[in-house]
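Me: I have a chain to go through before setting anything up. Can you walk me through it?

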Amino acid sequence: LFQHYRGNFTTACIYVYLLALANTSFHLLLVALQKIAAACAQRSSSLLRASRCGYYSAPRRFLASNSKSPPPNLRQGTLGKGSPISWVSFGVMAIVGGGALYYFNTERDKATELRVKQQTASAGRPALGGDWTLIDCDGKERTNKDFHGRWQLLYFGFTFCPDVCPEELDKMAEVVTYLDKNVGEVIQPIFISVDPDRDTLPKIKEYVEQFHPRLLGLTGSFEQIKHICRKFRVYYSRPEPDGSDDYLVDHSIIQYLMDPDGTFVAYFGQNMTEEQMIESVQAHIKAYEAAHK
């Protein structure tokens, strides 16, 4: 038991108590059934003797001489007298057992949630994210701390991208729109440009407005972009500047989901559908809310 419940002494003790209670209840039930069977046999024998002695042949005489009580074995309500179990004791045992079972289930669920959370935090989840500073389309400085308390969905790209970025941002917009209608405006979509040379603030603002009204566009200096890309392990590469604006930027095609604490929880690649993203985001929101009750 201790190995099964990972050394949780309280849980194991409750489980042992419930087993003992069930065993005791079963034993008491057998004893009560034996008592009932014996009482029934005694009652049948008494009725047989009474009929032979003419006890029931003259009911008027019996009623007239009611000064004496009927034989004890014919009294109503004495069938279970002397039994080791009563309705009061049975009710007390049921209440105590029910309370123990409720506490056991509650503690087990808490232990399971904590174990899953620890396993998720320690295995299979890269340490992405961290402190960063960028500029929004209005020229206002934004940091990662501005979004604490809200879910965030981030995508790195550039406005001159011919096909991949628009497809991914369309997917992001569909996910956010669905969540806005069914969960509420709990998630902030963010587009981060990795091409600060061509992606000016007015260009980014015009670009993000084509996808979703709450899509926030961010950019910054080369050093700021390099810093945040390193934090999220985003790959991007652009050709050497030659004075021409006709070039493509090679970059990772990934959307990053961050929880309200600013912790990375999931990523969605190009092969993920809108339905799969919605299902995953909702599951993470539900798990987060359950862990922070």
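Me: What kind of model is it, and what are the ground rules?
Reply: This is a predicted model, in which local features need pLDDT of at least 70 and side-chain atom pairs count only at pLDDT 80 or more, while totals for chains, interfaces and linings use all residues. Residues are numbered from 1 along each chain as its sequence is written, and side-chain values use heavy atoms, with hydrogens and water left out.

Me: What does the chain average in pLDDT?
Reply: The average is 79, and 65% of the residues score at least 70. pLDDT is the predictor's confidence in each residue, from 0 to 100.

Me: Where is confidence lowest and where is it highest?
Reply: Helix H2 (residues 59-64) is lowest at a mean of 46, and S5 is highest at 98. Over residues 1-7 the pLDDT is below 50, and that stretch has 13 contacts in the model beyond near neighbours in sequence. Residues 119-123 are also below 50, with two such contacts. Contact means heavy atoms within 4.5 Å. Where pLDDT is low, the predicted coordinates should not be read in detail.

Me: How many helices and strands are there?
Reply: Seven helices and nine strands. They are DSSP runs numbered from the N terminus: H or I over at least four residues for helices, E over at least two for strands.

Me: Back to S5. Which strands pair with it?
Reply: Strand S1 (residues 133-136) pairs with S5 in the antiparallel sense over two bridges, and Asp136 has Leu218 as its bridge partner there. Strand S4 (residues 187-193) runs parallel to S5 and is joined to it by three bridges, with Phe191 partnered to Gly217. Pairing here requires at least two DSSP bridges between the strands.

Me: And which way do the S5 residues point?
Reply: Leu216 and Leu218 point one way, Gly217 and Thr219 the other, and all are buried. Buried is under 20% relative accessible area, exposed is over 50%, and partly exposed is in between (1.4 Å probe, protein chains only).

Me: What makes up the β-α-β unit?
Reply: S4, helix H5 (residues 201-208) and S5, and the unit is right-handed. That term applies if, with the strands pointing away from the viewer, the path from the first strand over the helix to the second runs clockwise.

Me: Gln188 is in S4. Why does it count as buried?
Reply: Because its relative accessibility is 9%. The Gln188 side chain reaches the backbone oxygen of Arg214 at 2.8 Å and makes a 3.5 Å polar contact with the side chain of Arg150. A polar contact is a pair of N or O atoms within 3.5 Å; within protein, one must be able to donate a hydrogen and the other to accept it, and residues adjacent in sequence count only if both atoms are side-chain atoms.
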